[in-house]
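Subject: Structure for you to look at

Hello,

Here is the structure I said I would pass on. Please open it next to this message and follow along as you read.

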Amino acid sequence: MSEIYEGVKFKTIFTGNDVPKDERLIQLKHWAMIFAERNLAPSDETGSAGNLSFRINKGENQFIITGSKIELKNALENDSFVTVTNCDIEKGIVYAKGIREPSSESMLHYAIYKQRPYVNAVFHGHCDEILNATEKLMLPETLKYESYGTLELINSVTEILGKESFIIMKNHGFLAIAGSVQEAGYITLRIHNETKKKL
Ligand SMILES: [Zn+2]
């Protein structure tokens, strides 16, 4: 949790500078605002924050994701988002279109879309209330802490991914994994609300 943010850990190759245009960006901006209101993706001195994405077309692994170092509490414009067109996880390369660096967890989102063809939205946030409720809510959790943006982190998630819709990344944060942007948002709200209930 105290890790220093050193920027994205992969190389981005831009194949275009077009800003994403997609109706679902309205929903993504809405959930970014709710994440900010609920403090689910706090930006701290490390510059880390949450990242939200959705798959563009069925059967393809292209997705639209928040840009790196985007603070969700700010009103987001379309140029706060980047289109990731492909990833080479082994080589650590992200292919993107947009005017900013894609989120430092872009390869993690890519790996989830690749492994789960029916998943169309992935939300990642940081929230101590949720982390502290992992046991109480019996949430699936990665085996150990891995540094953000790394292949080890990706593997720690994909090995427990199964058909889960909500995963805890140990000592780090959470992932909501769903068939739509709205669903990913509502799963997150449901879990966050459950952490506030007394047993
Ligand atoms: Zn994170």
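Predicted model: local features only at pLDDT ≥ 70, side-chain atom pairs only at ≥ 80, totals over all residues.

As background, strands in a sheet pair through backbone hydrogen bonds, and the pairing can be parallel or antiparallel.

E1 pairs with strand E5 (residues 93-97) in the parallel sense, over 5 bridges. Within this pair, Lys-11 stands opposite Ile-93 in E5. On to the next pair: E4 and E5 run in the antiparallel sense, also with 5 bridges. Cys-87 has Val-94 in E5 as its bridge partner. E4 and E5 make a hairpin with 4 residues between them, and Gly-92 in the turn has a positive phi of about 70 degrees.

E7 pairs with strand E8 (residues 173-178) in the antiparallel sense, over 4 bridges. Two places to check are Phe-166, whose bridge partner in E8 is Ala-176, and Ile-167, which stands opposite Leu-175 in E8. The hairpin of E7 and E8 has 3 residues between the strands, and Asn-171 in this hairpin takes a positive phi near 55 degrees.

**Helix H1**

You can check the length of H1 yourself. At 1.5 Å a residue, its 14 residues should span 20 Å, and this agrees with the end C-alpha atoms, which are 20 Å apart.

The buried residues in H1 are Leu-25, Leu-28, Trp-31, Ala-32, Phe-35 and Ala-36. They cover an arc of only 145 degrees around the axis, so they sit on the same side of H1. The cover over the buried residues of H1 includes E2, E3, E4, E6 and helix H5 (181-196). On the face turned away from the buried side, H1 carries the exposed residues Ile-26 and Glu-37. Just after H1 comes Asn-39, with a positive phi of about 60 degrees.

**Helix H2**

Is helix H2 mostly covered or mostly exposed? Helix H2 (residues 106-115) is mostly covered, with 8 of its 10 residues buried. The buried residues are Ser-106, Met-107, Leu-108, His-109, Tyr-110, Ala-111, Ile-112 and Tyr-113.

**The whole chain**

The protein chain has 5 helices and 8 strands. Along the sequence they follow the pattern β-α-β-β-β-β-α-β-α-α-β-β-α. The radius of gyration is 15 Å, close to the 16 Å that the globule rule gives for 199 residues, so the chain is as compact as a globular protein of that length. Taken along the principal axes, the C-alpha atoms fill a box of roughly 50 × 35 × 35 Å.

Of the 199 residues, 41% count as buried. Among contacts with a separation of 6 or more, 64% are between residues 24 or more positions apart.

Regards

Conventions: Residues numbered from 1 in each chain as written. Pairing = 2+ DSSP bridges. Expected span 1.5 Å × (residues − 1). Buried ≥ 20, exposed ≤ 12 C-beta atoms within 10 Å, placed from the backbone. Arc of directions from axis to C-beta. Contact = placed C-beta atoms within 7 Å. Rg over C-alpha atoms; globule rule 2.2 N^0.38 Å.
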